[in-house]
Amino acid sequence: MTLQKYTRSVDGTIPVPALLYDDEENHASQDGVGIYDGVQKSANHQNGTVYVTSHRLFYIDASKPHSRSFALDLSTIVRTQYYAGLFTSSSKVTIYLTSEASTTADSEEVGESWQCEVCDFRNPPGSSPTGAKCALCGVPRSKSRLTTSTPPRAISAPSPVAVPLSSSLPTASVSQSKEVACPACTFLNHPALSECEICGTSLPRVALPLKSAPSSRPETPNPEISGDDGSMLRLSFRKGGDKTLYATLKRSLLGKAWQARIHVVLADDKADADNGLVRGVETSAQSTHLDMDDALKDLDALMIKAREMVRLAGELNERLTAVSGPNAPPGSGATEPETATFIRSSLAQLGLQMADAPVTLDMARDEKRWHEQLARELAGVLQGMGGKSGTGMMDGRGIVPLDEVWGGWNRARGVALLTPAQFLQVLPHLPAYTTPMITERTFRASGLRVLHTPVYTSAAFAARLHNLLLGAGARTTLDVAQVEGAETQGVVCRDEAERGEVRWWANVFHGYVWDGQQDAVPA
């Protein structure tokens, strides 16, 4: 029967928009339509609604939508014919189908997921079988995979003659369809291959059972379904609307949305595969970025709560000191010294007892004042003023990289962390609060940024290098490292020898001022 051969069952209780592919559009619908299977009426399909989309034709039965509804691919339609009706005969649209049933209609079921043959990713249902692409790698769906799906349920229709084809046709061996695993890379190869498709390793031979001839010849098919009548469907319109629906059906057939999609896919296979991989990487990076943003937001909220805890701990510590101290007013302290000591030790174990609380923006009147207070705090970290140990990061060194200073300062501040941008805004105020003065310097060749004492300024280093060259003569680069700063000051000169060796000399012209007169040239 034509319905059994060309259509597939759908669940009519589901709204038609939910049954459409991602690239499919619904164009028109008409109720009160009956179906002719060939030239005979289909008893189970005499009252339903027909939907015409860009890819398919749906019939949703009115009485039993779950079991009697079906879909027909427009790609199987060869031509159509319109009959306007006469007297009591209703208008009809005759649909002639191709002589060979579409593999898509026979094998693909609505709402079925599929597996990509390149990356083995299980894709959810969505796009039409001809336009589907892998969501991970972007490779179009292979047509050969469409035949591996589970066959759909057949449309129930009256059949005058039952043809027992299954008992007469030879069945293929199950082992023949199984894939052969490679012993080296475990890739599943087709049983007809002798070598692995991936690594070229010889595959073990699989013994296939011999096929026996059929015990009896198949019976001749029913003559009623042969010829044009066997590949034909008719839509009978009992409530009108035939002209509008027929015009929409012809536009969908002329548009061939399924065929245009195939051409685009075949033209851009490689580009789509690359774009799919790039999109996968971008999606992963975007997801990671969003996760990091959420984590930083949680960290900011935690820092706000931590500041409140530090403030409360400071107030509690001050009250305990005032109550348990020697100058406490008489009768005002109900807390014993042992209890106060226990509370302070508990705060210390939680990291909330801080003798010198870090400076925060809410403590200053404006941002400039805040930067000045931060510079005073950084000066104490560098030179050890006010600290418990009395030593700072600059003691015995004189020069420290900026990243080390920023990390050490944030560790000393506890939970009130500073960003690199805030740290750089504090550096211009630092010389006013340090003795000897600590300044920032950026090395021209490497771009390294450091904080240093006056001993390591460019002028001081150039002077030491000049005295060294005057006393010891020419020196090699190994003897004098990082002297580009002195060279820019003009106190030393570079001498590049023929063998590539570089020597440094004192600049005897340094400080010379030309009076503007030229020596007389002898005649």
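Leaving aside its neighbours within four places in sequence, Ile95 is in contact (heavy atoms within 4.5 Å) with Leu57, Ile77, Arg79, Ser231, Met232, Leu233, Leu235 and Leu249. The model is a predicted one, in which local features need pLDDT of at least 70 and side-chain atom pairs count only at pLDDT 80 or more, while totals for chains, interfaces and linings use all residues. Residues are numbered from 1 along each chain as its sequence is written, and side-chain values use heavy atoms, with hydrogens and water left out.

Ile95 is, together with Leu57, Leu235 and Leu249, among the residues with the most contacts inside the largest nonpolar core, which has 24 residues. Such a core is a set of buried Ala, Val, Leu, Ile, Met, Phe, Trp, Tyr and Cys residues joined through side-chain atoms within 4.5 Å, where buried means under 20% relative accessible area with a 1.4 Å probe, protein chains only. Helix H7 gives the largest share of this core, four residues. A second, separate core of 20 residues includes Leu374, Leu418, Phe423 and Leu427.

Elsewhere, three strands form an open antiparallel sheet in the order E17-E19-E18; helices (H or I, at least four residues) and strands (E, at least two) are DSSP runs, numbered from the N terminus, and two strands pair if DSSP finds at least two bridges between them.

| Strand | Residues |
|---|---|
| E17 | 475–476 |
| E18 | 492–496 |
| E19 | 502–506 |

Because E17 and E18 each have a single partner strand, one side of each is left without a neighbour in the sheet. E17 and E19 pair over two bridges, and Thr476 stands opposite Arg503 in E19.

Terms used: Buried means under 20% relative accessible area, exposed over 50%, partly exposed in between (1.4 Å probe, protein chains only).
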